[in-house]
Amino acid sequence: MTGIAPDVTTPTGLIRLCNAFCEAKALLTAVELDLFTELHDNPATEEEIRERLGLHGRGLRDFLLLLTALGLLERQGDGYRNASGADQYLVRERPTYIGGFMRRAGDNLYPAWGKLSDALRTGLPQSRGTFQDVLRNPQALGRFIQMMDALTQILGPQLIEAFDFSGHSTLLDVGGCRGNLAGQIVKAHSELTGSVFDLPQMEPFFTEHTAGLGLTGRLRFEGGDFFQDPLPQADVVILGHVLHDYDADSRRFLVQKAGAAVRPGGALLIYDRMLDEGPAQVENLVISLDMLLVTEGGSEYPVEELRQHAALAGFTALEEKRLGDFDTLLICRRG
């Protein structure tokens, strides 16, 4: 893939942009079929791929050639193998796998974007079902957790680099899912113990993941609803990709509640795809529209709004940093 945006001053460029969803769906379909996992150790011909994946065959050659043109596959004689990026990030069971995000996007976001005009007319979410439905469906919940893991797998090392956790002994990740982010931080700092606060349905996934990381005893799970239940105290409290699920009033409430959980001398770390005028603006506006389509009142928001919430919560020392390519991190300390 070239990564070059189409020239929208020409008919050709406009049509190219119009068809961009087709390329996205080709990638989502390849992940759904688990094609990249299948080809990881076993490059294959078109016919072998058809047999392994149980496909009809019509259109398969064009599909494989499109994935090759997009830089996801490579041709080797009559066979196909994964290109380097696909092999690194789209093979299940690899620690760098981000396909969980794409599975969730294909299941939930892709259909919802087909109803964007309805969302703009009504202001209502357009995704199938509610998050309570996800919680009741183990398969859907597993997909959601894989999506969250895909994001925190990328952002964890960057957060560890952006904030000095030394000198602190306790960590709390609010809405921390199964502890993937907290686990990375605790593993990197032997003096830290951590807690994850999330809905009780996440606990079995947390217990399994924590054991796999070898962190049983250093990470614990606190089940509850962060709008209703008290948060545990900690030196460092994290709100990552949480606030954009809610409207501005709810964001203010959660910042105040999380801020009250920060022990003296500690810090509140908040990151999201915040809106500004920088190069990440298109990407982050897309995510903000995701929130329109799948939540009751969520959106991305400017960092200035967050600064106001933090000031109301009693924080006087605020430090803003870029986190990766698209996120903004606000470090909040009480002066």
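Helices (H or I, at least four residues) and strands (E, at least two) are DSSP runs, numbered from the N terminus. The structure is a predicted model, in which local features need pLDDT of at least 70, side-chain atom pairs count only at pLDDT 80 or more, and totals for chains, interfaces and linings use all residues. Residues are numbered from 1 along each chain as its sequence is written, and side-chain values use heavy atoms, with hydrogens and water left out.

Two loop residues stand out by backbone angle. Most residues other than glycine have a negative phi. Histidine 241 has a positive phi, near 55°. This histidine lies in the loop that runs between strand 7 (234-240) and helix 13 (248-260). Histidine 241 is buried, at a relative accessible area of 10%. Buried means under 20% relative accessible area, exposed over 50%, and partly exposed in between (1.4 Å probe, protein chains only). Aspartate 34 also has a positive phi, near 60°. Its loop joins helix 2 (20-32) and helix 3 (35-40). Aspartate 34 is buried too, with a relative accessible area of 16%.

Helix 7 (residues 99-113) packs against helix 14 (residues 281-294). The angle is about 90°, and the axes are 10 Å apart. Axes are lines fitted to C-alpha atoms, for helices over the stretch in contact, and angles run from 0 to 180 degrees between N-to-C directions. The two helices are therefore roughly perpendicular. Angles under 35 degrees count as roughly parallel, over 145 as roughly antiparallel, 65 to 115 as roughly perpendicular and the rest as oblique. Helix 7 contributes Asn108, Leu109, Ala112 and Trp113. Helix 14 contributes Val286, Leu289, Asp290, Leu293 and Val294. Contact here means heavy atoms within 4.5 Å. By class, the contact holds seven nonpolar residues, one polar and one charged. Ala, Val, Leu, Ile, Met, Phe, Trp, Tyr, Cys and Pro count as nonpolar, Asp, Glu, Lys and Arg as charged, and the others, Gly among them, as polar.

Strand 10 (residues 327-333) is mostly covered, with six of its seven residues buried. Strand 10 pairs with strand 8 (residues 262-272) in the antiparallel sense over six bridges. Two strands pair if DSSP finds at least two bridges between them. Alanine 267 has arginine 333 of strand 10 as its bridge partner. Strand 9 (residues 317-323) also pairs with strand 10, antiparallel, over seven bridges. There, glutamate 320 is bridged to leucine 330 of strand 10. Strands 9 and 10 form a hairpin with three residues between them. In this hairpin, glycine 324 takes a positive phi near 70°.
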